[in-house]
Amino acid sequence: MGLGFVSGQLVQEFYWDEDVDEQVRQAIVTATGEELIDPDDTNLVDGVIIWWRADDAEIDDLTDVLIDAISNLDNGGLVWVLTPKSSSQNHVSPADIGEAAGTAGLHPTSTTTVGSEWTGMRLTAPARQ
């Protein structure tokens, strides 16, 4: 599951921790042919994945992370917020992600199962002027 990323794209990763799904990460690397980009890198990227858990911080903090993430996002880039499945105590509701996305100027487009323990919400950013 490469989450729609294609060969040559650069994908920046936020909030990696030991609980992330390494198969999902590897699928993105395989699809793009590129290693995932560190969150501190300030070069333009084609996409972003954010591993977000309920105990990471408040939903307002997710808004801040989304704003930071899209500051490096090239036009038409994909943003995915990945959260533990609803059966997990660290699950974040799609409504909360949608609210944070809207505040950050992003639009939720779809959700999907990502690996065995995670779900993902795909967000789109408006084109830059």
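**Entry 1: aromatic pairs**

Rings of Phe, Tyr and Trp (for Trp, the six-membered ring) pair if their centres lie within 6.5 Å; planes under 30 degrees apart count as stacked, over 60 as edge-to-face and the rest as tilted.

I noted that this is a predicted model, in which local features need pLDDT of at least 70, side-chain atom pairs count only at pLDDT 80 or more, and totals for chains, interfaces and linings use all residues. Residues are numbered from 1 along each chain as its sequence is written, and side-chain values use heavy atoms, with hydrogens and water left out.

Tyr15 and Trp52 make an edge-to-face pair, with 4.9 Å from centre to centre and 65° between the planes. Tyr15 lies in the loop between strand 1 and helix 1, and Trp52 in the loop between strand 2 and helix 2, 37 residues apart. Helices (H or I, at least four residues) and strands (E, at least two) are DSSP runs, numbered from the N terminus.

Is Trp52 buried or exposed? Trp52 is buried, at 1% relative accessibility, while Tyr15 is partly exposed at 33%. Buried means under 20% relative accessible area, exposed over 50%, partly exposed in between (1.4 Å probe, protein chains only).

**Entry 2: the other pair**

Trp51 and Trp118 have ring centres 4.8 Å apart and planes at 80°, so I logged this pair as edge-to-face. Trp51 is in strand 2 and Trp118 in strand 5, 67 residues apart. I found Trp51 buried at 0% relative accessible area and Trp118 buried at 3%.

**Entry 3: Asp61**

I located Asp61 in helix 2. Asp61 is partly exposed, with a relative accessible area of 31%.
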